[in-house]
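Biologist: Let us go through this structure term by term. I will ask what stands behind each label.

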Amino acid sequence: MAEKFERIYHQHLTAVLRFATSLVGRKDLAEDITSNAFVALLRNLDAIDEEQLPGWLLTVARNRARDYWRKQATELQYLESLPRSQAADADAGAGPQGLLDNPVLKPVHRICLTLRYVEGMTRAEIAEFLGLSEMQVKGHVQYALQLLRKSAAGSKAS
Amino acid sequence: MNHQARDLEPFEREWLASAGRDIGDLREGRATCPPLALLRAAHADALPEAARDAVAAHVAACHSCAVLQADLAAVPPETEVSASVEARILKDVRRKQRAEAADPGLVAAWWSWRSALAATALVAVAVAIGWQWQHRGAAPPGPVQAARTAQPGQAPESTSASAPVQAQADAAAATLPEAFRVVKPEVRLTLATLAWRGTDESGNRYLADLAPALDAFRQDRYADAAKLFEPLLSKYPSAVEVPFYLGVSRLLLGDNAGAAAALDRAAGLKADGFADDIQWYRGLARARAGDGRGARPLFAALCEADGARRASACAALEALPPGLQ
């Protein structure tokens with residue numbers, strides 16, 4: 001039993017931890033959710049069909065994340081004040097030279113730029129939130145700015 | 001959102017000076033938008049239902065949120081799991097496992113929980129049933145009578161009984177698995193009831209009779225709510241709201257058997273949008289009463305379907321004792 005658990009643990013830990021990171025954006029919480037998922041696995045080890053993994057573990061992780069968000073009263077109360085029929089902010093960052101619709105930017109570039117310059121996160125905070133390394137974040141930001149400069153220069157030339 | 005990152009480098013400041021307008025527009029446009037963490041959690045179905053729906057409604061109307069939510073979904077974490085992280089999480093798993101094994105009230109000792117709390121549960125149910133007997137005019141058992149004697153002049157007996165009943169229910173509930181926690185549903189009416197209202201006097205009378213019970217329910221006065229719902233069962237036998245909210249009230253009072261009876265009755269009526277909720281709370285009533293075999297098919301059906309209760313039902317299935325999944 002212990003061998004079976006350890007094998008499954010090592011096989012699926014990375015997938016579960018990455019998924020948990022995407023759900024809560026915090027390293028400590030993601031690790032807590034991950035360990036809870038494997039505790040649930042231990043509890044049900046005899047009944048689990050391994051073919052259900054890692055899906056079963058990810059479902060447990062999602063449920064734990066939901067429990068976490070349920071307790072975040074501040075964030076959720078904020079949602080109650082959201083305008084449901086907010087007019088589309090078509091000009092906010094849009095247009096060929098803007099962030100949102102610039103075709104030169106890949107999703108990772110756009111997200112890193114938004115987190116960096118709109119939300120004001122440090123590279124370390126972005127790395128934790130996205131589950132990337134700080135070096136990766138720095139690289140994405142630098143490359144994205146190069147792309148935007150080239151795109152702007154190209155537009156001016158034409 | 002309107003602050004600069006603390007570790008900006010000179011080339012970044014230089015770029016910001018030239019791109020200030022775009023960034024400013026985006027900041028301003030997003031001033032009333034949900035944080036990116038919520039956008040991402042909503043996309044992964046990791047928010048409570050109401051929050052998820054609120055985010056979805058906002059994203060449907062907000063271009064920047066739609067773009068950024070799609071971007072977040074396209075950037076999965078690439079967390080590298082070092083040996084130290086692996087060891088740390090495994091150590092945490094072992095610690096939690098030992099804690100479960102040491103505490104008979106936790107999930108790993110499900111059967112110990114049942115026997116250890118049987119006496120507490122029996123008292124809670126006896127008080128709740130006693131309250132019901134009181135309502136029907138039959139002689140109640142000791143606890144409710146004692147409460148009446150101790151607090152003469154209290155208006156509905158149920159309120160004098162509600163505090164100890166609630167406390168017993170809370171004590172029993174505190175040791176249940178998280179997956180079996182009863183979350184009070186929002187009060188809503190079926191479409192049939194809403195259509196009925198205003199068409200004739202009987203529809204308006206139903207709503208007038210229902211209103212005090214629903215008010216008590218909203219105000220967490222479950223014993224009063226149950227007392228007010230009860231006579232409406234025979235008066236409006238085909239109205240699903242009555243047995244449904246009666247069942248949930250009893251569940252919140254710790255009367256799992258009474259809850260199951262009311263909710264089973266609701267299940268036999270035209271549900272009109274309540275079907276999944278009825279099934280969910282029926283499963284909870286059985287699971288909390290220790291009837292894992294009865295709860296299993298109810299949770300399994302919801303787990304396999306694509307409804308709002310799917311994730312909760314799958315978690316509840318997982319929390320059932322081994323061998324009953």
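Modeller: Start with buried area: the accessible area (1.4 Å probe) that two parts lose on being put together, summed over both. Between chain B and chain A about 7300 Å² is buried, and carbon and sulfur atoms give 60% of that. Trp15(B), Arg40(B) and Glu318(B) supply 10% of the area that chain B buries against chain A, more than any other three residues. This is a predicted model, in which local features need pLDDT of at least 70 and side-chain atom pairs count only at pLDDT 80 or more, while totals for chains, interfaces and linings use all residues. Residues are numbered from 1 along each chain as its sequence is written, chains are lettered from A and ligands numbered from 1 in the order in which they are written, and side-chain values use heavy atoms, with hydrogens and water left out.

Biologist: How many residues of each chain are in contact?

Modeller: 79 residues of chain B are in contact with 82 residues of chain A. Contact means heavy atoms within 4.5 Å.

Biologist: What makes Arg116(A) and Asp7(B) a salt bridge?

Modeller: The rule asks for a side-chain nitrogen of Lys or Arg within 4 Å of a carboxyl oxygen of Asp or Glu. In this pair the closest N and O atoms are 2.6 Å apart, so Arg116(A) and Asp7(B) form a salt bridge. The count between chain B and chain A is 14 salt bridges.

Biologist: Why is the pair of Tyr117(A) and Trp15(B) called tilted?

Modeller: Rings of Phe, Tyr and Trp (its six-membered ring) pair if their centres lie within 6.5 Å; planes under 30 degrees apart are stacked, over 60 edge-to-face, the rest tilted. Here the centres are 5.2 Å apart and the planes at 40°, so the pair is tilted. The pair crosses between chains, from helix α5 (residues 107–118) of chain A to helix α1 of chain B. Helices here are DSSP runs (H or I, at least four residues), numbered from the N terminus.

Biologist: How do you know whether Tyr117(A) and Trp15(B) are buried or exposed?

Modeller: Buried means under 20% relative accessible area, exposed over 50%, partly exposed in between (1.4 Å probe, protein chains only). Tyr117(A) has 1%, so it is buried. Trp15(B) has 7%, so it is buried.

Biologist: What makes Phe217(B) and Tyr222(B) edge-to-face?

Modeller: Their planes are at 65°, with 5.8 Å centre to centre. That angle is over 60, so the pair is edge-to-face. Phe217(B) is buried at 0% relative accessibility, and Tyr222(B) is buried at 8%.

Terms used: Helices (H or I, at least four residues) and strands (E, at least two) are DSSP runs, numbered from the N terminus.
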